[in-house]
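Please open the model in your viewer and keep the selection tool at hand.

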Amino acid sequence: MNSQPSHITRPKTIWSVLFTAAISLALSCTVMAGNANSQNAERGLLVKTRKGAASDADVAADVASGGGRVKGKLDHLDVTVVRVPAEKWAKLKDKLSKNPKYEYVEEDAQGMGLWTPNDPSYPNQWHLATISAPAAWDITTGSNTVIIAMLDTGVQMDHPDLQGRILPGWDYVNNDSDPSDDHGHGTATSGTAAAIGNNSIGVTGVAVNAKILPFKVLNSSNYGYYSDWASAMMAAADQGARVISMSMGGTTSSSTLQNAVNYAWNKGCVIVVAAGNSGSSAPTYPAACTNALAVSATNSSDTRTSWSNYGSYVRICAPGEGILTTNLGSGYASWSGTSFSCPIVSGVAALIAAKCPSLSNADIVNALLQGADDLGAPGRDDYYGYGRVNA
């Protein structure tokens, strides 16, 4: 949908965030930033000597007395670089900090270089910085073994920023094997989730290396039948999709949609659905289905957009206003709506699945919810869910 609110609505998901699941997640896949101590037998210290208080030999002796070694020196700062076995690090730091010869003793911390794609329009994709995508990309840019099923108006197969990433899908509107996009919405959502990054053209998606499995379930006017949505969800699950992204919705509840969501969930899929753009708290479907992850929209100020739906079924939010992405005709355009918040969350889910392939869909959902940046009232609320997604 364009910048105007459309008929797209979201599911009501009733998730409970279990601490036991968090513990399981931590045990099965720990992603470490900062010091990465689990990967190093040594840790670092930076020791600043007070002017004239100690010679290099004195410093070396003090360091050695605690089991450390001098690695080098920042001469202009009179700071000695120290390495010490991890198990002795805290004790040596405390000992040196109490020594009046030293002005300060601090950790020689580790950081990560932020992978930045060379796509020319990447600097205009404000949403990627907001969700901390560059930091996530230094952990993983995704995997071509992770499939995101895009249920939408189809996709432009030969778009230069999507070509080669699209798997054979299905057109439920015309009942054939050519899910080409005759509206534009599906091409835009697909690029939001997984446009090719670092290819020196256009934009980048969230899950840079993910595969897209397109199902055309909306016609050229952006409308479609629940029966097609249900069929596509089950087909996506059967064809190995890890994430199902649904930027669509209706206001009528449906046992058929709920059963299809359950089918995909039981097959291990993460089902992400746009909440809708009518500024209403009325539930939409399949967003409000149990086992669906409903997404509301935020703007560049990290506040909910006025047109985003809200309610008890909303579990998470993501940028959804002015999202620069792939457009029909091999071009690029800015789109707005929870339709674009949804594939952003889908892309983050795909990154988690790529980094930690053994996680269950429940683990991935809990990681998304627990890792979100809390907005609005403390804790979960009807406008932001558990917070804005943080890759």
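Two residues are in contact when heavy atoms lie within 4.5 Å. On that basis, among the contacts in the protein chain with a separation of 6 or more, 75% join residues 24 or more positions apart. Please bear in mind that this is a predicted model.

**The whole chain**

Select the protein chain and colour it by secondary structure: 10 helices and 13 strands are present. Of the 391 residues, 54% are buried.

**The four-stranded sheet**

Next, select strands E1, E2, E3 and E4. They form an open sheet with antiparallel pairing, in the order E2-E3-E1-E4. Which strands stand at the edges? They are E2 (69-74) and E4 (102-107); each has a single partner strand, so one side of each lacks a neighbour in the sheet. Looking across the sheet, one finds a twist that averages 25 degrees from one strand to the next.

**A pair of helices**

Move on to helix H7 (residues 226-238) and helix H8 (residues 255-266). Their axes are 9 Å apart, and the helices pack at an angle of about 10 degrees. Angles under 35 degrees count as roughly parallel, and H7 and H8 are therefore roughly parallel to each other.

Show the side chains at this contact. On H7, select Tyr226, Trp229, Ala230, Met233, Met234, Ala237 and Asp238; on H8, select Thr256, Leu257, Ala260, Val261, Tyr263 and Ala264. What classes of residue make up the contact of H7 with H8? There are 11 nonpolar, 1 polar and 1 charged residues.

**A mostly covered helix**

Finally, select helix H10 (residues 361-371). H10 is mostly covered, with 8 of its 11 residues buried. The buried residues of H10 are Asn361, Asp363, Ile364, Val365, Asn366, Ala367, Leu368 and Leu369. Asn361, Asp363 and Asn366 may be highlighted separately, as they are among the buried residues of this helix.

Conventions: Residues are numbered from 1 along each chain as its sequence is written. This is a predicted model: local features need pLDDT of at least 70, side-chain atom pairs count only at pLDDT 80 or more; totals for chains, interfaces and linings use all residues. Side-chain values use heavy atoms; hydrogens and water are left out. Helices (H or I, at least four residues) and strands (E, at least two) are DSSP runs, numbered from the N terminus. Buried means under 20% relative accessible area, exposed over 50%, partly exposed in between (1.4 Å probe, protein chains only). Two strands pair if DSSP finds at least two bridges between them. Axes are lines fitted to C-alpha atoms, for helices over the stretch in contact, and angles run from 0 to 180 degrees between N-to-C directions. Angles under 35 degrees count as roughly parallel, over 145 as roughly antiparallel, 65 to 115 as roughly perpendicular and the rest as oblique. Ala, Val, Leu, Ile, Met, Phe, Trp, Tyr, Cys and Pro count as nonpolar, Asp, Glu, Lys and Arg as charged, and the others, Gly among them, as polar.
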